[in-house]
Amino acid sequence: MLFDMDGTLVDSEKLWDVALRELAAEYGATLSDAGRRAMIGTSMAEAMRILHDDLGQPTRDPLASAAWIDARILELFRTGLRWRPGALALLRAVRAAGIPTALVTSSRRPLVEVALDTLGRDSFDAVVCGDEVDAAKPHPEPYLTAARLLGVPIARCVAIEDSPTGVASALAAGAAVLAVPAEVPIAAADGVHQMESLTGADLELLAALLGGPPA
């Protein structure tokens, strides 16, 4: 099992929204709704590029902006991180069944370490962060890396995602995909099963997505 983090396991996109809009205000501008939606599921580097372009300030230093966001989002994660509906129950069921499980996120390792205080460090056999791969989602590398670390063929993995970017990454890697849109809609596609939330998702569903016992 391969779980995305932001918007899939935890309701963190709203916290990112707070931080990004605060930074835009620091820069004397306002982040558009379209610009914010375009950032969902992207790497920090890509998000900062989108932010600067959206604000009409493309020459700003992306590293400085990323450092500001990192500091602010760490504060928000420590105080306001909440589970998405059904996510904790499904994660517990997967772990109780002994299924190899990885967290596959575009967030960077320092932030993920804070999130793991909520998610549980023993909830995953492997963790793949956005700053630990050469190519971020929508490239398949994050999911291929997770499957390799688990020692499971990617074709025997189910990836759970909430964004078009994450879904594209998982599909390109060759995983079966369970999509649970949070902030932006996800287009219908072969190999992608959609649910409104993870409430009601269970091991039987995951097995069905693979045509047999999930891995």
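Helices (DSSP runs of H or I, at least four residues) and strands (DSSP runs of E, at least two) are numbered here from the N terminus. With that naming in hand, let us look around.

## About this model

This is a predicted model, in which local features need pLDDT of at least 70 and side-chain atom pairs count only at pLDDT 80 or more, while totals for chains, interfaces and linings use all residues. Residues are numbered from 1 along each chain as its sequence is written, and side-chain values use heavy atoms, with hydrogens and water left out.

## A cis proline and its surroundings

The peptide bond that joins Lys137 to Pro138 is cis, with omega at about 15°. For comparison, most peptide bonds are trans, and most residues other than glycine have a negative phi.

Which residues does Ser169 contact, leaving aside its neighbours within four places in sequence? They are Lys137, Pro138, His139, Pro140, Pro142 and Tyr143, where contact means heavy atoms within 4.5 Å. A polar atom of the Ser169 side chain also lies 2.8 Å from the backbone oxygen of His139. Ser169 itself sits in helix α8 and counts as buried because its relative accessibility is 0%. (Buried means under 20% relative accessible area, exposed over 50%, and partly exposed in between, using a 1.4 Å probe and protein chains only.)

## Helix α8

Helix α8 covers residues 164–173, and its buried residues are Thr165, Gly166, Val167, Ser169, Ala170 and Ala173. These buried residues pack against α7 (141–150) as well as the strands β4 (158–161), β5 (176–179) and β6 (192–194). Just after the helix comes Gly174, with a positive phi of about 105°.

## Two nonpolar cores

A nonpolar core is a set of buried Ala, Val, Leu, Ile, Met, Phe, Trp, Tyr and Cys residues joined through side-chain atoms within 4.5 Å. The largest one has 53 residues, and those touching the most other members are Phe3, Phe77, Leu103, Leu119, Phe124, Ile160 and Leu178. At least two residues of this core come from each of α1 (13–26), α3 (44–54), α4, α5 (87–96), α6 (109–119), β4, β5 and α9 (203–210). Not counting residues up to four places away in sequence, Leu119 touches Met5, Leu9, Val10, Trp83, Leu91, Leu103 and Phe124. There is also a second, separate core of 22 residues, with Ala126, Val128, Val177 and Val192 among them.

## Leu74 in helix α4

Is Leu74 buried or exposed? Leu74 is buried, because its relative accessible area is 18%. This leucine belongs to helix α4 (residues 62–80). Beyond its neighbours within four places in sequence, Leu74 is in contact with Pro110, Leu111 and Val114. Between the C-alpha atoms of Leu74 and Ala96, which are 22 residues apart along the chain, the separation is 30 Å.

## Cysteines and a ring

How many disulfides does the structure hold? The count is zero, with a disulfide taken as a pair of cysteine sulfur atoms within 2.5 Å. For Cys129, the nearest cysteine sulfur is that of Cys157, 18 Å away. Cys129 is buried at a relative accessible area of 1%, and Cys157 is buried at 0%.

Elsewhere, Arg60 lies over the face of Tyr27, at 3.5 Å from the ring centre. Here a charge sits over a ring if NZ of Lys or CZ of Arg is within 6 Å of the ring centre and within 35 degrees of the ring normal.

Key. A polar contact is a pair of N or O atoms within 3.5 Å; within protein, one must be able to donate a hydrogen and the other to accept it, and residues adjacent in sequence count only if both atoms are side-chain atoms.
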